[in-house]
Amino acid sequence: MKSITTINPNDQFGLLIQGPPKSGKTELACLFPSPWVANADSNLAGFARRCQEQGFVSDMVFSDLQRDDDGKPISEAEAVWKRFITEDEAATHNPNIKTIVYDSMTTMAMIAIAFVMADRVKRTGKGTKDQTEIQDWNTNQNLWKTIIMRKRSSGKLFVVLSHEEAMKDEISGGVTKWVPNIPGSKLQAAFSGFFSDVWRTEVEE
């Protein structure tokens with residue numbers, strides 16, 4: 001048996017930050033040490049503006065997932081997914097990057113399911129890439145579980161951002177819990193369990 005003091009708090013650290021839009025998820029994630037951001041939502045302008053206003057010099061770097069290096073849009077699901085995997089691997093193996101950030105899972109999960117559908121058609125010749133089949137959701141869930149567990153074992157800090165959805169009681173109408181706003185009911189239900197920590201952001205008016 002080992003004492004709790006033998007556990008490294010940063011070992012296999014994985015943080016899910018969920019909350020409503022404009023509640024500070026991206027800005028919070030960008031303040032982690034030496035972050036790289038997989039920028040799926042084109043949502044970094046607010047953080048850049050805040051840095052300018054406060055004279056803060058950030059060492060954050062990012063990769064746009066849905067645009068190439070020249071800024072041209074990427075439309076094909078397979079090309080977007082390939083860019084994500086390539087940029088993610090480069091960031092993971094870069095010794096200057098200490099934190100990996102996915103912003104946001106709400107968009108990245110839609111990118112992934114589009115890739116899964118296109119890949120299924122390519123492999124099997126069955127169905128179409130515009131129509132989701134039951135097995136696609138299982139493939140999608142297993143894909144994300146594998147990616148997240150590998151990232152948590154990479155030695156980097158790992159942060160995923162997601163918009164949220166309110167689950168309400170059918171009788172009272174009150175909110176019973178908040179869950180990540182991602183496609184696929186099984187993935188949505190299981191997703192927070194892939195992480196060591198889950199935070200929720202709110203805006204007070």
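# Reading this fold, step by step

User: Among contacts in the protein between residues at least 6 apart in sequence, what percentage join residues at least 24 apart?

Analyst: Start with the term: contact means heavy atoms within 4.5 Å. In this protein, 67% of the contacts between residues at least 6 apart in sequence join residues at least 24 apart. Keep in mind that this is a predicted model, where local features need pLDDT of at least 70 and side-chain atom pairs count only at pLDDT 80 or more, while totals for chains, interfaces and linings use all residues. Residues are numbered from 1 along each chain as its sequence is written, and side-chain values use heavy atoms, with hydrogens and water left out.

User: How many helices and strands does the protein have?

Analyst: Both kinds of element are DSSP runs numbered from the N terminus: helices are H or I with at least four residues, strands are E with at least two. Here you get six helices and eight strands. Walk along the sequence and the pattern reads β-α-β-α-β-α-β-α-α-β-β-β-α-β. The radius of gyration, taken over C-alpha atoms, is compared with a globule rule of 2.2 Å times the number of residues to the power 0.38. It is 18 Å here, close to the 17 Å that the rule gives for 205 residues, so the protein is as compact as a globular protein of that length. Its C-alpha trace spans about 50 × 50 × 50 Å along the principal axes.

User: In what order do the six strands of the open sheet come?

Analyst: Two strands pair if DSSP finds at least two bridges between them. The order is S3-S2-S4-S5-S1-S8, with parallel pairing. At the edges sit strand S3 (61-64) and strand S8 (197-200), each pairing on one side only. Angles run from 0 to 180 degrees between N-to-C directions of axes, which are lines fitted to C-alpha atoms, for helices over the stretch in contact. With direction ignored, neighbouring strands of the sheet are turned by 20 degrees against each other on average.

Ile100 has Phe158 in S5 as its bridge partner. Helix H5 (residues 134-152) packs on the sheet, touching S4 and S5, and its direction makes about 155 degrees with that of S4. Helix H3 (residues 77-92) lies across S2 (35-39), S3 and S4, running at about 160 degrees to S4.

User: Is Val101 buried or exposed?

Analyst: The labels go by relative accessible area: buried is under 20%, exposed is over 50%, and partly exposed is in between, using a 1.4 Å probe and protein chains only. Val101 is found in strand S4, and at 1% relative accessible area it is buried. Leaving aside residues up to four places away in sequence, Val101 touches Ala29, Pro35, Trp36, Val37, Ala38, Val159 and Leu161. Across the whole protein, 39% of the 205 residues count as buried.

User: How many disulfides does the structure hold?

Analyst: A disulfide is a covalent bond between the sulfur atoms of two cysteines. The test used here is a pair of cysteine sulfur atoms within 2.5 Å. The structure holds zero disulfides. The sulfur of Cys30 has its closest cysteine sulfur in Cys51, 7.8 Å away, which is too far for a bond. Cys30 counts as buried at 3% relative accessibility, and Cys51 counts as buried at 12%.

User: Which residues does the cis peptide bond join, and which residue has a positive phi of about 65 degrees?

Analyst: Most residues other than glycine have a negative phi, and most peptide bonds are trans. A cis bond joins Asp103 and Ser104, with omega about 0 degrees. Ser104 lies in the loop between S4 and helix H4 (105-124).

The positive phi of about 65 degrees belongs to Lys22, which is not a glycine. Lys22 lies in the loop between S1 (15-18) and helix H1 (25-30), and is exposed at 74% relative accessible area. Ser42, also not a glycine, has a positive phi of about 50 degrees. You'll find Ser42 in the loop between S2 and helix H2 (45-54), exposed at 56%.

User: In what sense do S6 and S7 pair?

Analyst: Strand S6 (residues 164-168) and strand S7 (residues 175-180) are antiparallel, over five bridges. Glu164 has Pro180 in S7 as its bridge partner. Six residues lie between the strands of this hairpin, where Gly173 takes a positive phi near 80 degrees.
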